[in-house]
Amino acid sequence: PLSLKFLFQLGFAGVSLAIAWGGFAERAKLSVYFLFGTIFMIAIYPVIGHWVWGGGWLGEIGMQDFAGSTVVHLQGAIAALIATMLLGPRIGKFNKDKTPNVIPGHNQVYTVIGGLILWIG
């Protein structure tokens, strides 16, 4: 049914958006996240998804996307790269005299646990 396909694509779109948001974390205000999320979910993800999965031009030339590797992950990474380039460095990364501040890792234990959860499942 169409509603099931919609929920399936909504889940993929949410993961792709989360990848993009993680890429430009601490670089923008909350309103920018809402604006970017709205534009991404309405105009960017559906178009790229259709190009590959919906009989669009990429699908017609033989592109295959296994488990969302391109539509979800690459699209989120490219969106994060573009947003990062537009927004600039993280808030607090540089002083007024353009000297960099060291931003240490926040919690190494949580980082390792998160990596293990991703690897093992």
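The model is a predicted one, in which local features need pLDDT of at least 70 and side-chain atom pairs count only at pLDDT 80 or more, whereas totals for chains, interfaces and linings use all residues. Residues are numbered from 1 along each chain as its sequence is written, and side-chain values use heavy atoms, with hydrogens and water left out.

Helices are DSSP runs of H or I with at least four residues, numbered from the N terminus. At 1.5 Å a residue, the 13 residues of α5 (residues 108–120) should span 18 Å, which agrees with the 18 Å between its end C-alpha atoms; the expected span is 1.5 Å times one less than the number of residues. The N-terminal end of α5 is capped by Asn107, a side-chain oxygen of which lies 3.1 Å from the backbone nitrogen of Val109. Just after α5, Gly121 adopts a positive phi of about 110°.

In the loop between α4 and α5 lies Phe94, which counts as partly exposed because its relative accessibility is 42%. Not counting residues up to four places away in sequence, Phe94 touches Pro89, Thr99, Pro100 and Asn101, contact meaning heavy atoms within 4.5 Å. Phe94 and Gly49 are 45 residues apart in sequence, and their C-alpha atoms are 38 Å apart in space.

Two packed helices are described by the angle between their axes and by the distance between the axes. The axes of α2 (residues 30–53) and α4 (residues 69–87) come within 11 Å and cross at roughly 140°, the axes being lines fitted to C-alpha atoms over the stretch in contact and the angles running from 0 to 180 degrees between N-to-C directions. That angle makes α2 oblique to α4, given that angles under 35 degrees count as roughly parallel, over 145 as roughly antiparallel, 65 to 115 as roughly perpendicular and the rest as oblique. The contact is made by residues including Phe36, Phe40, Ile44 and Gly49 of α2 and Val71, Gln75 and Ala83 of α4.

For α1 (residues 2–23) and α2, the axes come within 10 Å and cross at roughly 125°, which makes α1 oblique to α2. Among the residues that make this contact are Gln9, Phe12, Leu17 and Trp21 of α1, together with Tyr33, Phe36, Phe40 and Trp53 of α2.

Terms used
Helix = DSSP H or I, 4+ residues; strand = E, 2+ residues; numbered from the N terminus. Polar contact = N/O pair within 3.5 Å; in protein donor to acceptor, adjacent residues only side chain to side chain. Buried < 20%, exposed > 50% of the residue type's maximum accessible area, 1.4 Å probe, protein only.
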